Amino acid sequence: MTTKINFNGVISENLSISFYDHGFLFGDSVYEVVATHKNRPCFLYPHLQRLHNSADGISLNIPWSTDRFAEELQRTLQEAGNPESYIRIIVTRGEGAVDIDPSSCTQPNVIIYVSAEKKYPAELYMSGVNLAVVSVKRNARDALNPGIKTGNYLNNILAVVEANRMGAHDAVMLNANGDLAESTTSNLFFAHNGTLFTPALGCGILAGITRSMVMQLAQENGISVEEGSLPVEALISADEVFITGTIKRVMPVTRIDNKIVGEGRPGPLSQKMMRLYGDVLESEIPYDPAFKLQF
Ligand code: PLP
């Protein structure tokens, strides 16, 4: 199991980043986490689409084309030689003056980190996880828009710290209106009477790639999905709750604020979505360049 880091096209086992890189100084960077299946990067095209969207959102020019990313990623995966990999792609503002104004940064740094696969323990998919509704609100869309995946995650770090203090695995974050937003690194879904509900992108959330795939799969399988502004009470009284993310995939939630959700175990819809998503990973869909995200 090895780790390889590709820094602007040069692959090595380690990386020291300059103190003057604004990614380090100010969290001025964008990033993506990509999983593999049979060591092929899953959903690489929507991840790169979102990376570019994030970069546009902070007026950062990404120096590499999609083809260059795909080639460099392939090279880095090959050099690491793991059976399955965890991939983190980061583009930082680059080196500049010790001043938040990015105009002194002329050359963004592109980093591809490849390590052994990260997986959540299998027990969690059977028992479900415990979430806490925290007081830290998701950023407003007209502040640091949650639709932009930047290296500045402090707001979500505060939320997960609060959730941990409350004895939960992760947080449920609300938006400034008090409606449901998302968890700190995953999107929220819940079910009432066989219908799935998920906060709309307009509530101020990241456009999750897993979220998109799960919505598509639900619809293809005759399960209706409603997106909207949703109150926290609807989550707490749900029959089932699950969260979605690249590494988590579809993770059942069985307790919220230490109260049992539904029957207290992963429900039939959660299990169905876990299975359907697992089947997708075995198919050619994650490699389809036509898979596009809505932002
Ligand atoms: N929401 C936030 C804030 C995230 O950081 C992530 C993943 O990094 C997600 C949702 C899930 O997105 P995806 O399914 O694309 O991994």
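Let me begin with a pocket that sits between two parts of the chain: domain 1 (4–118) and domain 2 (122–285) both give residues to the lining of the second largest pocket, so this pocket lies between them. Please keep in mind throughout that this is a predicted model.

The second largest pocket has a volume of about 270 Å³, and of the 19 residues that line it, those closest to its centre are Glu117, Lys119, Thr246, Ile247 and Arg249. If we ask which elements give two or more residues to that lining, they are S3, helix H4 (122–127) and helix H8 (268–281).

Now let me turn to the largest pocket, which holds about 440 Å³ of space. There are 27 residues lining the largest pocket, and the closest to its centre are Tyr31, Val33, Lys149, Thr185 and Thr246.

Several elements supply at least two residues each to the lining of the largest pocket, namely strand S3 (29–37), helix H2 (44–57), strand S5 (85–92), helix H6 (209–220) and strand S13 (240–245). In the lining of the largest pocket we find eight nonpolar, 12 polar and seven charged residues.

One residue to look for on the structure is Thr246, which is listed among the residues closest to the centre for the largest pocket and also for the second largest pocket.

Key: Residues are numbered from 1 along each chain as its sequence is written. This is a predicted model: local features need pLDDT of at least 70, side-chain atom pairs count only at pLDDT 80 or more; totals for chains, interfaces and linings use all residues. Side-chain values use heavy atoms; hydrogens and water are left out. On a 1 Å grid over the protein atoms alone, a cavity is a set of points where a 1.4 Å probe fits but cannot get out, and a pocket is an open set with protein on both sides within 12 Å along at least five of seven lines; lining residues have an atom within 4 Å of a point. Grid points are joined across faces, edges and corners, and a volume is the space filled by probe spheres set on the points. Helices (H or I, at least four residues) and strands (E, at least two) are DSSP runs, numbered from the N terminus. Ala, Val, Leu, Ile, Met, Phe, Trp, Tyr, Cys and Pro count as nonpolar, Asp, Glu, Lys and Arg as charged, and the others, Gly among them, as polar. Domain bounds come from an automatic or database domain assignment.
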